[in-house]
Amino acid sequence: MRILGLDVGSKTVGVAVSDPLGVIATGVTTIDRVGIRKDTGKVIDYIKEYGCETVVIGLPMSLDGEDSVQTQKVRDFRTMLENKLRSSGMADIKLVYQ
């Protein structure tokens, strides 16, 4: 069971993939942000390439535990990714925040 890890930023998305046992993750690439549709499409390409069953998305919070501007951007990214996965017939991919 491989897991894809995402660190979604304003300018880049960091991508890491776990080993087949899901124990150790290694950085794979950094996606330069172009637009949310194209960026999520590239993420789906990595999900397919590595056969991932789960995607862990880092959710940034402010120091007081409240949502920040970046928190909402990450939530929007997840929503777009969910929609694209569903339309690609990959709705069984689990998306979780960390």
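Predicted model: local features only at pLDDT ≥ 70, side-chain atom pairs only at ≥ 80, totals over all residues.
1. Start with the layout. The protein has two helices and five strands, and reading from the N terminus the elements follow the order β-β-β-α-β-α-β.

2. Next, consider the overall form. The radius of gyration is 13 Å, close to the 13 Å that the globule rule gives for 98 residues, so the protein is as compact as a globular protein of that length. Along its principal axes, the C-alpha trace spans about 35 × 30 × 25 Å.

3. Now look inside. Of the 98 residues, 32% are buried. The largest nonpolar core contains 21 residues, and those with the most contacts inside it are L4, L6, V43, I47, V55, L81 and L85. Which elements give two or more residues to this core? They are β1 (2-8), β2 (12-18), α1 (36-50), β4 (52-57) and α2 (69-87). The biggest share comes from α2, with four residues.

4. Leaving aside residues up to four places away in sequence, I47 touches L4, C52, V55, L85, M90 and I93.

5. Among contacts between residues at least 6 apart in sequence, 49% join residues at least 24 apart.

6. Finish with the surface and the charges. The protein exposes about 5800 Å², and carbon and sulfur atoms supply 52% of that area. There are 13 positive and 13 negative side chains, with the centres of the two sets 6 Å apart.

Methods. Residues numbered from 1 in each chain as written. Heavy atoms only, no water. Core = buried A, V, L, I, M, F, W, Y, C linked by side-chain atoms within 4.5 Å. Buried < 20%, exposed > 50% of the residue type's maximum accessible area, 1.4 Å probe, protein only. Contact = heavy atoms within 4.5 Å. Rg over C-alpha atoms; globule rule 2.2 N^0.38 Å. Areas by Shrake-Rupley, 256 points an atom, 1.4 Å probe, with all protein chains shown as cover. Lys, Arg positive; Asp, Glu negative; His and termini not counted. Charge placed at Lys NZ, Arg CZ, Asp CG, Glu CD.
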